[in-house]
Amino acid sequence: MEATGTDEVEKIKSKFMSAWHNMKYSWVLKTKTYFSRNSPVFLLGKCYHFKTEESGELSTDGSNFDKINTEISGNVEEFRKDFISRIWLTYREEFPQIKGSALTTDCGWGCTLRTGQMLLAQGLMLHFLGRAWVWPEALDMDSSDSESWTSSTVRKLTASFEASLTAERDPKILPQPQRGPARRDWDVTEMRNEVYHRKIISWFGDSPLAAFGLHQLIEYGKKSGKMAGDWYGPAVVAHILRKAVEEARDPELQGVTVYVAQDCTVYSSDVIDRQCSFMDSGKAGTKAVIILVPVRLGGERTNTDYLEFVKGILSLEYCVGIIGGKPKQSYYFAGFQDDSLIYMDPHYCQSFVDVSIKDFPLESFHCPSPKKMSFKKMDPSCTIGFYCRTVQDFEKASEEITKMLKSSSKEKYPLFTFVKGHSKDYDFVSSPLHEENDLFSEDEKKRLKRFSTEEFVLL
């Protein structure tokens with residue numbers, strides 16, 4: 001009877017906290033984001049210029065105002081389309097109960113798992129769709145009438161973003177180029193891409209069967225002592241993502257693997273072994289690899305000497321973003337302008353979407369407005385991600401990043417290193433690709449415990 005009473009108290013406590021968090025995290029979309037038209041904007045390796053070939057200043061009589069605004073608007077639309085096309089994963093409520101708990105929401109504790117999901121989703125988008133892909137309906141979101149985004153909210157966010165690009169205090173809204181019908185006939189390639197678009201999102205659904213859904217990630221986290229409701233750091237999430245990809249059984253995912261750097265070191269032979277490992281079908285093949293590198297950008301605070309390196313990383317076409325944030329909050333960093341980072345924020349509570357149904361709504365998985373944060377506010381604990389389709393791509397990336405590390409490092413030791421050979425050649429225990437009884441080796445468990453004590457606490 002005592003145990004039953006305790007369970008009831010825990011359920012009531014869980015429901016109360018869920019209600020509080022759902023109210024708290026449903027009001028986060030009121031901030032304006034301002035972008036300068038005089039500086040380039042980088043988003044996951046792509047560069048956008050909001051400035052024209054003309055002088056950045058308007059003529060005194062305003063004769064060139066319309067021309068400049070039209071040109072800027074075109075660049076803005078390309079950036080908006082690219083940004084909105086990234087997959088956005090946020091807090092959710094009313095999803096199936098998490099095994100071993102009374103929780104039906106991750107509000108207040110799941111933000112790093114969500115930012116990890118966003119990074120992995122970007123890697124899978126590069127793998128299946130390529131960096132050039134954009135969602136054809138991205139710019140139609142302002143006319144959508146979904147539960148998660150009211151049309152008036154999106155219109156306000158869109159207007160404030162576009163208006164921020166003018167230098168005026170109370171700027172005019174930039175004119176929108178005329179678009180064709182919202183719905184048009186898609187060709188074969190677009191239809192194929194839309195199938196993968198939906199499939200990738202479905203892998204992150206909030207249900208026990210989704211390969212990279214919250215329920216599965218929490219199960220893998222239990223092996224490192226984490227439970228539903230606990231806070232997760234960027235390094236722990238990196239290892240959880242590796243296990244999730246390793247254990248995924250969807251045939252489409254057999255061509256992808258994840259490697260997590262050991263103690264800020266990427267062992268090239270270990271990465272190539274993973275890429276050249278046998279696929280589950282029994283046929284030999286080369287896998288694409290997503291490389292995750294947990295690092296610290298300083299001690300208690302982020303060292304601003306690392307700013308140029310972080311900007312350099314986000315300028316690479318094979319970068320899949322950074323799991324990071326500021327103290328007590330995790331963000332998914334995807335770009336920058338000047339000394340500010342552009343990010344997607346998971347701290348917004350949305351209703352559960354059943355991704356198993358045909359033509360499930362997509363709007364709540366795409367963010368209509370970017371946010372910016374000063375690099376100085378960034379927490380030093382983060383995980384950097386890269387995607388390499390082939391062994392040749394990995395070798396090229398390792399050379400390019402090594403040069404960047406050397407040129408940006410003012411100290412004797414770079415932030416992380418690429419080393420030839422296997423980790424076992426340097427007296428490190430190399431974890432096997434598949435373990436029968438335990439998802440994490442003893443060496444990994446020790447490393448995860450150490451990461452847990454070093455990383456920031458998330459509300």
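Before anything else, the model is predicted. Keep that in mind throughout.

Start with the whole protein. There are 459 residues, and 55% of them are buried. The secondary structure comes to 11 helices and 13 strands. Now the contacts. Take those between residues at least 6 apart in sequence: 76% of them join residues at least 24 apart. As for surface, the protein exposes about 21400 Å². Carbon and sulfur atoms supply 52% of that area.

First helix: H5, residues 188-203. It has 16 residues. From first C-alpha to last, H5 reaches 23 Å, close to the 22 Å expected at 1.5 Å a residue. Look at its start. A side-chain oxygen of Asp187 comes to within 3.1 Å of the backbone nitrogen of Thr189. Which residues of H5 are buried? Glu190, Asn193, Glu194, Tyr196, His197, Ile200, Ile201 and Trp203. Note the two glutamates in that list, Glu190 and Glu194. And what do the buried residues of H5 pack against? Helix H3, residues 111-128.

Next helix: H10, residues 391-408. Its 18 residues should span 26 Å at 1.5 Å a residue, and the end C-alpha atoms are 26 Å apart, so the two agree. The buried residues here are Val391, Phe394, Ala397, Ser398, Ile401, Met404, Leu405 and Ser408. Why do they lie on the same side of H10? Because they cover an arc of only 140 degrees around the axis. Turn to the other side of H10. There, Gln392, Lys396, Glu399, Lys403, Lys406 and Ser407 are exposed.

What covers the buried residues of H10? The cover includes helices H8 (268-275) and H9 (307-314). It also includes strands E5 (265-267), E6 (288-296), E12 (381-388) and E13 (417-419).

Stay with E12, one of those covering strands. Cys382 sits in it. Is Cys382 buried or exposed? Its relative accessibility is 2%, so Cys382 counts as buried; the cut-off for that is under 20%. Leave out residues up to four places away in sequence, and Cys382 touches Pro234, Val293, Pro294, Val295, Leu297, Ile322, Ile323 and Gly324. Val293, Pro294 and Val295, among those partners, fall within strand E6, residues 288-296. One last pair. Cys382 and Ser330 are 52 residues apart in sequence, yet 9.3 Å apart in space, C-alpha to C-alpha.

That's the tour.

Note on methods: Residues numbered from 1 in each chain as written. Predicted model: local features only at pLDDT ≥ 70, side-chain atom pairs only at ≥ 80, totals over all residues. Heavy atoms only, no water. Helix = DSSP H or I, 4+ residues; strand = E, 2+ residues; numbered from the N terminus. Expected span 1.5 Å × (residues − 1). Buried < 20%, exposed > 50% of the residue type's maximum accessible area, 1.4 Å probe, protein only. Contact = heavy atoms within 4.5 Å. Polar contact = N/O pair within 3.5 Å; in protein donor to acceptor, adjacent residues only side chain to side chain. Areas by Shrake-Rupley, 256 points an atom, 1.4 Å probe, with all protein chains shown as cover. Arc of directions from axis to C-beta.
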